[in-house]
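I set down here what I looked up, entry by entry.

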Amino acid sequence: MKRVPYLLIAARFILAPVMMLLAYYKGAESRFLIVGLMYFGLLTDIFDGIIARKIGVSSEKLRRLDSQTDLVFWLSLGLVSYLLDPELIKSEWKGILLIFIMEALCYIVSITKFGKETCTHAFLSKMWGLSLLIAFTCLIGFQQTGWALYLAVGLGFVSHIDVILIVLLLPKWQYDVPSSYHAWKIRNGKERKKTTFFN
(Lines give C-alpha, C1' and ligand atoms only; values in the text may rest on other atoms or scores of the structure.)
Protein backbone atom coordinates (compact mmCIF):
# COMPACT_ATOMS: atom_id res chain seq x y z
CA MET A 1 0.00 0.00 0.00
CA LYS A 2 2.86 2.39 0.69
CA ARG A 3 3.77 2.26 -3.00
CA VAL A 4 0.29 3.13 -4.27
CA PRO A 5 0.70 6.96 -4.15
CA TYR A 6 3.97 6.67 -6.05
CA LEU A 7 2.37 4.35 -8.61
CA LEU A 8 -0.44 6.84 -9.15
CA ILE A 9 2.06 9.66 -9.67
CA ALA A 10 4.03 7.44 -12.07
CA ALA A 11 0.85 6.66 -14.00
CA ARG A 12 0.15 10.38 -14.42
CA PHE A 13 3.73 10.96 -15.56
CA ILE A 14 3.47 8.16 -18.15
CA LEU A 15 0.21 9.60 -19.45
CA ALA A 16 2.06 12.73 -20.63
CA PRO A 17 4.07 11.10 -23.46
CA VAL A 18 1.18 8.73 -24.25
CA MET A 19 -1.18 11.66 -24.92
CA MET A 20 1.44 13.49 -26.97
CA LEU A 21 2.10 10.39 -29.09
CA LEU A 22 -1.62 9.93 -29.66
CA ALA A 23 -1.98 13.54 -30.78
CA TYR A 24 1.05 13.31 -33.06
CA TYR A 25 0.29 9.97 -34.73
CA LYS A 26 -3.51 9.72 -34.52
CA GLY A 27 -4.44 13.38 -34.77
CA ALA A 28 -8.09 14.41 -34.55
CA GLU A 29 -9.37 10.84 -34.15
CA SER A 30 -7.64 10.66 -30.76
CA ARG A 31 -9.35 13.73 -29.29
CA PHE A 32 -11.84 12.05 -27.00
CA LEU A 33 -9.42 9.33 -25.97
CA ILE A 34 -6.98 12.04 -24.87
CA VAL A 35 -9.76 13.83 -22.97
CA GLY A 36 -10.57 10.55 -21.22
CA LEU A 37 -6.92 10.04 -20.29
CA MET A 38 -6.79 13.60 -18.99
CA TYR A 39 -9.68 12.91 -16.61
CA PHE A 40 -8.05 9.66 -15.54
CA GLY A 41 -4.88 11.64 -14.82
CA LEU A 42 -6.89 14.04 -12.67
CA LEU A 43 -8.24 11.11 -10.64
CA THR A 44 -4.71 9.87 -9.98
CA ASP A 45 -3.84 13.38 -8.82
CA ILE A 46 -6.75 13.41 -6.38
CA PHE A 47 -6.24 9.94 -4.95
CA ASP A 48 -2.45 9.91 -4.58
CA GLY A 49 -2.67 12.50 -1.80
CA ILE A 50 -5.75 10.99 -0.17
CA ILE A 51 -4.19 7.54 -0.01
CA ALA A 52 -0.82 8.91 1.13
CA ARG A 53 -2.44 10.63 4.10
CA LYS A 54 -4.59 7.62 4.96
CA ILE A 55 -1.61 5.27 5.16
CA GLY A 56 0.77 7.84 6.65
CA VAL A 57 3.32 8.18 3.86
CA SER A 58 2.72 11.81 2.86
CA SER A 59 6.12 13.52 2.88
CA GLU A 60 8.10 16.35 1.34
CA LYS A 61 9.55 13.97 -1.25
CA LEU A 62 6.11 12.73 -2.30
CA ARG A 63 4.58 16.21 -2.45
CA ARG A 64 7.47 17.61 -4.51
CA LEU A 65 7.25 14.65 -6.89
CA ASP A 66 3.50 15.16 -7.17
CA SER A 67 3.94 18.87 -7.89
CA GLN A 68 6.53 18.38 -10.63
CA THR A 69 4.50 15.59 -12.22
CA ASP A 70 1.52 17.94 -12.33
CA LEU A 71 3.64 20.43 -14.24
CA VAL A 72 4.71 17.78 -16.79
CA PHE A 73 1.12 16.55 -17.12
CA TRP A 74 -0.41 19.97 -17.84
CA LEU A 75 2.45 21.03 -20.12
CA SER A 76 1.93 17.87 -22.16
CA LEU A 77 -1.75 18.77 -22.59
CA GLY A 78 -0.70 22.19 -23.81
CA LEU A 79 1.52 20.56 -26.42
CA VAL A 80 -1.28 18.16 -27.33
CA SER A 81 -3.57 21.14 -27.93
CA TYR A 82 -0.95 22.71 -30.19
CA LEU A 83 -0.39 19.50 -32.14
CA LEU A 84 -4.13 19.13 -32.77
CA ASP A 85 -5.00 22.80 -33.39
CA PRO A 86 -1.88 24.93 -33.93
CA GLU A 87 -3.73 27.91 -35.40
CA LEU A 88 -6.20 27.99 -32.52
CA ILE A 89 -3.37 28.03 -29.99
CA LYS A 90 -1.44 30.68 -31.93
CA SER A 91 -4.49 32.94 -31.90
CA GLU A 92 -4.43 32.90 -28.07
CA TRP A 93 -0.67 33.32 -27.68
CA LYS A 94 -0.83 36.38 -25.42
CA GLY A 95 -2.74 34.67 -22.63
CA ILE A 96 -0.67 31.50 -22.94
CA LEU A 97 2.58 33.49 -22.82
CA LEU A 98 1.36 35.28 -19.67
CA ILE A 99 0.88 31.94 -17.90
CA PHE A 100 4.34 30.71 -18.94
CA ILE A 101 5.90 33.93 -17.63
CA MET A 102 4.04 33.65 -14.31
CA GLU A 103 5.04 29.99 -13.91
CA ALA A 104 8.67 30.86 -14.59
CA LEU A 105 8.51 33.71 -12.06
CA CYS A 106 7.24 31.33 -9.37
CA TYR A 107 10.23 29.06 -9.93
CA ILE A 108 12.71 31.93 -10.11
CA VAL A 109 11.47 33.52 -6.88
CA SER A 110 11.36 30.23 -4.97
CA ILE A 111 14.73 28.93 -6.17
CA THR A 112 16.35 32.32 -5.56
CA LYS A 113 15.01 32.50 -2.00
CA PHE A 114 15.09 28.87 -0.88
CA GLY A 115 17.08 26.92 -3.48
CA LYS A 116 13.99 24.76 -4.12
CA GLU A 117 11.04 24.84 -6.48
CA THR A 118 7.58 25.81 -5.23
CA CYS A 119 5.40 23.09 -3.72
CA THR A 120 2.56 25.06 -2.13
CA HIS A 121 -0.45 23.11 -3.46
CA ALA A 122 -2.40 26.26 -2.63
CA PHE A 123 -6.18 26.47 -2.80
CA LEU A 124 -6.18 28.93 -5.73
CA SER A 125 -3.80 26.64 -7.59
CA LYS A 126 -6.32 23.83 -7.17
CA MET A 127 -9.05 26.06 -8.58
CA TRP A 128 -6.77 26.91 -11.48
CA GLY A 129 -6.25 23.19 -12.10
CA LEU A 130 -10.01 22.73 -12.37
CA SER A 131 -10.23 25.63 -14.82
CA LEU A 132 -7.43 24.04 -16.87
CA LEU A 133 -9.44 20.82 -16.98
CA ILE A 134 -12.42 22.70 -18.40
CA ALA A 135 -10.26 24.68 -20.85
CA PHE A 136 -8.48 21.59 -22.19
CA THR A 137 -11.80 19.74 -22.47
CA CYS A 138 -13.05 22.56 -24.71
CA LEU A 139 -9.77 22.87 -26.61
CA ILE A 140 -9.00 19.23 -27.24
CA GLY A 141 -12.49 17.77 -27.30
CA PHE A 142 -14.41 20.52 -29.09
CA GLN A 143 -11.82 22.87 -30.65
CA GLN A 144 -13.10 25.86 -28.71
CA THR A 145 -11.41 28.54 -26.60
CA GLY A 146 -13.66 31.39 -25.49
CA TRP A 147 -14.70 31.78 -21.85
CA ALA A 148 -13.07 28.53 -20.69
CA LEU A 149 -9.60 29.59 -21.81
CA TYR A 150 -10.04 33.14 -20.52
CA LEU A 151 -11.14 31.77 -17.14
CA ALA A 152 -8.06 29.54 -17.02
CA VAL A 153 -5.75 32.43 -17.91
CA GLY A 154 -7.37 34.73 -15.34
CA LEU A 155 -7.28 32.17 -12.54
CA GLY A 156 -3.78 31.19 -13.56
CA PHE A 157 -2.56 34.76 -13.19
CA VAL A 158 -4.21 35.20 -9.77
CA SER A 159 -3.05 31.81 -8.45
CA HIS A 160 0.53 32.48 -9.50
CA ILE A 161 0.48 35.84 -7.73
CA ASP A 162 -0.72 33.99 -4.64
CA VAL A 163 2.13 31.45 -4.92
CA ILE A 164 4.72 34.21 -5.31
CA LEU A 165 3.33 35.96 -2.20
CA ILE A 166 3.47 32.66 -0.30
CA VAL A 167 7.13 32.21 -1.19
CA LEU A 168 7.99 35.80 -0.29
CA LEU A 169 6.17 35.61 3.05
CA LEU A 170 7.42 32.23 4.25
CA PRO A 171 10.42 32.47 6.59
CA LYS A 172 11.58 29.03 5.40
CA TRP A 173 10.60 26.67 2.61
CA GLN A 174 7.71 24.33 3.26
CA TYR A 175 5.11 22.47 1.26
CA ASP A 176 1.29 22.48 1.35
CA VAL A 177 0.57 26.09 2.27
CA PRO A 178 -3.09 26.89 1.47
CA SER A 179 -2.73 30.60 0.69
CA SER A 180 -0.67 33.75 1.12
CA TYR A 181 -2.82 34.51 4.17
CA HIS A 182 -1.67 31.25 5.77
CA ALA A 183 1.92 32.10 4.83
CA TRP A 184 1.49 35.46 6.57
CA LYS A 185 0.26 33.66 9.72
CA ILE A 186 3.25 31.31 9.58
CA ARG A 187 5.58 34.30 9.20
CA ASN A 188 4.06 35.83 12.32
CA GLY A 189 4.73 32.73 14.38
CA LYS A 190 1.31 31.14 14.42
CA GLU A 191 1.27 27.36 14.39
CA ARG A 192 0.82 25.74 10.99
CA LYS A 193 -2.43 23.77 10.94
CA LYS A 194 -3.07 20.69 8.87
CA THR A 195 -5.47 21.06 5.99
CA THR A 196 -7.59 18.46 4.28
CA PHE A 197 -8.40 19.80 0.83
CA PHE A 198 -5.04 19.00 -0.78
CA ASN A 199 -4.92 16.13 -3.24
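I began with the contact of H5 with H7, counting heavy atoms within 4.5 Å as contact, and found that Gly95, Leu98, Ile99, Met102, Glu103, Leu105, Cys106, Val109, Ser110, Lys113 and Phe114 in H5 meet residues of H7 including Ala152, Gly156, His160, Ile164 and Leu169. The residues of this contact divide into 16 nonpolar, four polar and two charged, where Ala, Val, Leu, Ile, Met, Phe, Trp, Tyr, Cys and Pro count as nonpolar, Asp, Glu, Lys and Arg as charged, and the others, Gly among them, as polar.

I note that this is a predicted model, in which local features need pLDDT of at least 70 and side-chain atom pairs count only at pLDDT 80 or more, while totals for chains, interfaces and linings use all residues. Residues are numbered from 1 along each chain as its sequence is written, and side-chain values use heavy atoms, with hydrogens and water left out.

For geometry, I read that H5 (residues 93-114) and H7 (residues 146-169) pack at about 10°, with axes 10 Å apart; the helices are DSSP runs (H or I, at least four residues) numbered from the N terminus, and axes are lines fitted to C-alpha atoms over the stretch in contact, with angles from 0 to 180 degrees between N-to-C directions. H5 and H7 are therefore roughly parallel (angles under 35 degrees; over 145 is roughly antiparallel, 65 to 115 roughly perpendicular and the rest oblique).

Next I looked up H6 and H7, whose axes come within 8 Å and cross at roughly 155°, which makes H6 roughly antiparallel to H7. Among the contact residues are Trp128, Ser131 and Leu132 of H6 and Trp147, His160 and Asp162 of H7, and by class the contact has 16 nonpolar, five polar and one charged residues.

I then turned to H2 and H3, which pack at about 170° with axes 12 Å apart and are therefore roughly antiparallel. Their contact includes Arg31, Asp45 and Asp48 of H2 and Arg63, Asp66 and Asp70 of H3, and has ten nonpolar, two polar and six charged residues.

Which residues lie nearest the centre of the largest pocket? I found Asp70, Trp74, Glu103, Trp128 and Leu132, from a lining of 42 residues, and H2, H3, H5, H6 and H7 each give two or more residues to that lining. H6 gives the most, with ten residues. On a 1 Å grid over the protein atoms alone, with a 1.4 Å probe, a pocket is an open set of points with protein on both sides within 12 Å along at least five of seven lines, and lining residues have an atom within 4 Å of a point.
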